[in-house]
Amino acid sequence: MSTAQEIDMAATDSLISMTDLFILSLAGGFALYWFFIRNKKQEAPNFKKLSIAPVLERSESSDTSFITKMKNTSRNVVVFYGSQTGTAEEFATRLAKDASRYGMKGMVADPEECEMDDLAKLAEIENSLAIFCMATYGEGDPTDNAQEFHEYLANGSEAMTGVKFALFVLSHAILTYLPFVLSHAILTYLLFVLSHAILTYIPFVLSHSILTYLPFVLSHAILTYLQFVLTRQYALSPVPEDFPKEKIFTGEVARVGSFANQKPPYDVKNPYLAPITVNKELHKGGDRSCMHIELDISESKIRYETGDHVAIYPINDTDIVEKLGQRLGIDLDTVFSLTNIDEDASKKHPFPCPCSYRTALMHYIDITNPPRTHVLAELAEYTESQTDKEFLQKMTQATEEGKKLYQDWIHNDHRNILAVLEDIPSLHPPVDHICELLPRLQPRFYSISSSPKVYPKSIHVTAVLIQYTTPTNRLSNGVCTSWLASKKPSEDNNSSQLRVPIYVRKSQFRLPFKPSTPIVMIGPGTGLAPFRGFIQERNYFHDEGKPVAETILYFGCRNKGVDFIYEEEMMKYAEKKVLTLHTAFSRDQPNKVYVQHLIDQNHEEIWNVLNNNGHIYICGDAKNMARDVHSMMVKILTTKGDMSTSDAEDYIKKLQSKGRYSADVWS
């Protein structure tokens, strides 16, 4: 059993009392003196009062260098994050926070805001450790905030002799991305390839690092109590009643008043409020819905390219927000602020503050996704029932029983924070702690389904409405799609209510530079979205009289008469001979037929495209479709190209490296 596991188990045994604290303080103080001060081998750790305390201490330096800050505040752990949706940033924050529980001092750092050339200087700090919590985007591409660091590595970095590193990789494209990481021998000490199981490994990393940093075992009992005490990173700050209303956030991403006074350029921190001019149903029947939405960007100076993504900032369901307010017994219109206790932290607030609880729960906090185990662990301390407390704590344990309980009760039953509170009546956490614990509500990314050559003043989005009933008989709606579904232009709707915050994210999912290069597009369902833009652009060049090579589309859906989206448009392109169309309608015959089956019938066509320096594009489901298409491509290469399986895999990797085999997939 690891040190971290022992601490976790011991922390659940008893509550701390003043007598216990006094006795432990005396024992701990004597032990620290005997082993450290008396021998003068090492400075004794300075344990602070067991109460809500800052995770990190304040630095007196104004130097922005993360090395200088670490030296001035006696920190020995820096956690860098590369995050696109906020998950990696959340894990990084928790890693730095948990470090304090093991006697280390950590800080979180955004590589975009740091001089990464200073990494080599980390060796100057005794017992130092850098942890990289890195996500990827698209086909293993670096996240926006890690782009410069990615280029720094690609251009060759300094020797990292004597610098210890740990790496957490959160990526669906890990097999593509990992060779790049390993080829730049910067992360040479510890490597953990993780996904959702990362929570199991956080104590592992810290407990193994602790062997290097903490040569004192005698303080185990004190660390047990430190583990138990709730460690708050943010303090609730009162906001005076006469605080100017114009300085209170009402949903803006970064700058107060930015929605009322829009100024370009528009980006992740300054989205544009785009009017919805079209919102129509694409399905011709059935019990599912797929929306075609057009966003007006004519007054924004926003430019996009075919294949780019548009990010939309959604708003949470008002019904859930109201129920949360009632369950927590709060006035949702109360204005508050959460301020980082570490005054030198780069992130002063967990989200824009001050704001009302209603604004926080509507715009800034993810209240619909299942809460993670660390949230349940801290919520457990607010239960009035010992049975409920033990139940919540059991789900946070890295045991088979704990993992299964969490999987069944939280994930399989799709319980969000409201469902947890409703199903455990004895649970009464303060709303400000919930606001601190839950992750940020992130923008949703959609492949743009239009070409700027044809629609320079609008961005088109194709989105399936997410709606289902959970095993606990609760209705669950997709945060963004259900919100968008309510925004339909009509004479009765106020135009201001039809605006949504957006920005454009550049993509590597690009058409060949020359339209004379043949392409194959494989996109069932809404995987057709980016290919609609591709086809529009190829048709544009065709109408301009330019030579356009074969443009081949493999599209699939359930029923031709129900969910063949953009059918009329695709058929017109096919009639013009601009498009070669292959369709698979899986439920229109006794035996299901998918796009991969059609590909298996057209080996010659695919092989000819590859032999003519063509490009292959895949968009849609990563778990099944993309995997099956990959296997089919290997089959084509082994049969038509007389390759071995390993040679075929290597050939596909070379195509990927040259940008000739691209995937925009999701799970």
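## Buried rings

A residue counts as buried when its relative accessible area is under 20%. In this predicted model, Phe-66 and Phe-80 are both buried.

## Aromatic pairs

The model holds 18 aromatic pairs. One of them joins Phe-66 and Phe-80 in an edge-to-face arrangement, with 5.3 Å from centre to centre and 90 degrees between the planes. This pair links distant parts of the chain: Phe-66 belongs to helix α3 (residues 66–72) and Phe-80 to strand β1 (residues 77–82), and the two are 14 residues apart. Phe-66 and Phe-80 also belong to a cluster, connected by ring pairs, that includes Phe-132 and Phe-149.

Tyr-540 and Phe-541 form another pair; their ring planes stand at 70 degrees, with centres 5.7 Å apart, so this pair is edge-to-face. Tyr-540 is partly exposed because its relative accessibility is 28%. Phe-541, with a relative accessible area of 14%, is buried.

## A charge over a ring

At Trp-409, the ring has the charged end of Arg-415 sitting over it, 4.0 Å from the ring centre.

## Packing of helices α17 and α19

Helix α17 (residues 529–543) packs against helix α19 (residues 567–575) at an angle of about 35 degrees, and their axes are 12 Å apart. The crossing of α17 past α19 is left-handed.

On the α17 side, the contact is made by Arg-532, Ile-535, Gln-536 and Asn-539, which meet Glu-569, Met-570 and Tyr-573 of α19. The residues of this contact comprise three nonpolar, two polar and two charged.

Methods: Residues are numbered from 1 along each chain as its sequence is written. This is a predicted model: local features need pLDDT of at least 70, side-chain atom pairs count only at pLDDT 80 or more; totals for chains, interfaces and linings use all residues. Side-chain values use heavy atoms; hydrogens and water are left out. Rings of Phe, Tyr and Trp (its six-membered ring) pair if their centres lie within 6.5 Å; planes under 30 degrees apart count as stacked, over 60 as edge-to-face and the rest as tilted. Helices (H or I, at least four residues) and strands (E, at least two) are DSSP runs, numbered from the N terminus. Buried means under 20% relative accessible area, exposed over 50%, partly exposed in between (1.4 Å probe, protein chains only). A charge sits over a ring if NZ of Lys or CZ of Arg is within 6 Å of the ring centre and within 35 degrees of the ring normal. Axes are lines fitted to C-alpha atoms, for helices over the stretch in contact, and angles run from 0 to 180 degrees between N-to-C directions. A crossing is left-handed if the near helix is turned anticlockwise from the far one by less than a right angle, and right-handed if clockwise. Contact means heavy atoms within 4.5 Å. Ala, Val, Leu, Ile, Met, Phe, Trp, Tyr, Cys and Pro count as nonpolar, Asp, Glu, Lys and Arg as charged, and the others, Gly among them, as polar.
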